[in-house]
Amino acid sequence: MSAAARSLTRAQETRTAEQTRNVEPLSLRRVCGLFTTGVTVITTGPDGDADGTTVNSFTSVSLEPPLVLFCLHRNSRLHTLLEQSGGFTVNFLSGRQQSLARHFAGRRATAFEGIPHHFTEDGLPVLSEALAYLTCTTVDIHTAGDHEIVIGEVVDLGVPEHGLEPLVFFDGSLGPLQSGTDRFHHTEQAS
Ligand SMILES: Cc1cc2nc3c(=O)[nH]c(=O)nc-3n(C[C@H](O)[C@H](O)[C@H](O)COP(=O)(O)O)c2cc1C
């Protein structure tokens with residue numbers, strides 16, 4: 001059992017509907033941390049002033065039209081740049097980009113220094129060694145508690161390096177997904 005799971009008693013995890021009105025933020029963070037996700041860096045802003053932040057709240061929303069979303073803390077310094085540029089790139093990190101995830105989650109005076117990147121025709125920054133990327137035009141922003149849900153329409157996409165394993169986030173830890181070639185069966189998505 002993981003450290004986070006151990007630290008939560010069974011009683012805490014099985015609160016009744018009434019009790020959940022008092023859910024502690026730390027408990028919520030710990031339990032949600034047991035949901036395994038990939039890791040992305042959202043990049044935005046013009047050359048010379050571009051920045052990014054590490055995000056695991058990315059999800060695809062719609063195929064037609066092609067929509068995706070991520071949730072961004074309302075105090076994030078990325079908001080101003082997002083507004084100015086009108087769009088963003090979702091960079092999916094590979095298993096060997098752990099340090100990049102930490103870099104973009106921390107204080108980063110020189111955001112892109114020493115990090116291979118390029119700009120799309122629309123002027124959006126892309127991490128050149130990402131596992132895959134989507135460039136998006138922002139179409140909607142909804143306030144939800146202490147976060148904003150940013151919805152983007154995908155205008156371009158790419159897979160710079162094929163065959164890389166993804167970086168995964170589980171129980172507060174980052175690491176590459178250890179996948180044997182036969183471990184996963186590729187299936188068509190149901191919906
Ligand atoms: C694995 C991981 C996932 C994260 N996911 C999110 C997220 O979905 N939304 C968010 O606002 N911050 C997320 N953060 C925190 C941000 O990367 C960043 O540290 C925080 O928002 C403060 O910096 P900012 O001003 O650049 O946003 C995540 C951090 C890590 C390490």
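The structure is a predicted model, in which local features need pLDDT of at least 70 and side-chain atom pairs count only at pLDDT 80 or more, while totals for chains, interfaces and linings use all residues. Residues are numbered from 1 along each chain as its sequence is written. The chain holds five helices and 12 strands, where helices (H or I, at least four residues) and strands (E, at least two) are DSSP runs numbered from the N terminus. Of its 191 residues, 24% count as buried, a residue being buried if 20 or more other C-beta atoms, placed from the backbone, lie within 10 Å of its own, exposed if 12 or fewer do, and partly exposed in between.

An open sheet of seven strands runs in the order E3-E2-E6-E9-E10-E5-E4 with antiparallel pairing, two strands being paired if DSSP finds at least two bridges between them. E3 and strand E4 (59-62) stand at the edges with a single partner strand each, so one side of each has no neighbour in the sheet. From one strand to the next, the twist averages 35°. Within this sheet, E9 pairs with strand E10 (residues 147-158) in the antiparallel sense over 11 bridges, and Leu 134 stands opposite Leu 157 in E10. Helix H4 (residues 78-85) packs on the sheet, and its direction makes about 55° with that of E2; for such angles, which run from 0 to 180 degrees between N-to-C directions, axes are lines fitted to C-alpha atoms, for helices over the stretch in contact.

The ligand is surrounded by 15 residues, of which the closest are Thr 54, Ser 57, His 73, Ser 76 and Ala 105; a residue counts as near if its C-beta atom, placed from the backbone, lies within 6 Å of the molecule. Strand E3 (51-55), strand E5 (67-73) and helix H5 (98-105) each give two or more residues to this shell.

Ala 132 lies in strand E9 (residues 132-144). This residue is partly exposed, because 19 other C-beta atoms lie within 10 Å. When residues up to four places away in sequence are not counted, Ala 132 touches Phe 92, Gly 158 and Val 159, contact meaning that the C-beta atoms, placed from the backbone, lie within 7 Å. Ala 132 and Gly 158 are 26 residues apart in sequence, whereas their C-alpha atoms are 5.6 Å apart in space.

Terms used:
Two residues are in contact if their C-beta atoms, placed from the backbone, lie within 7 Å.
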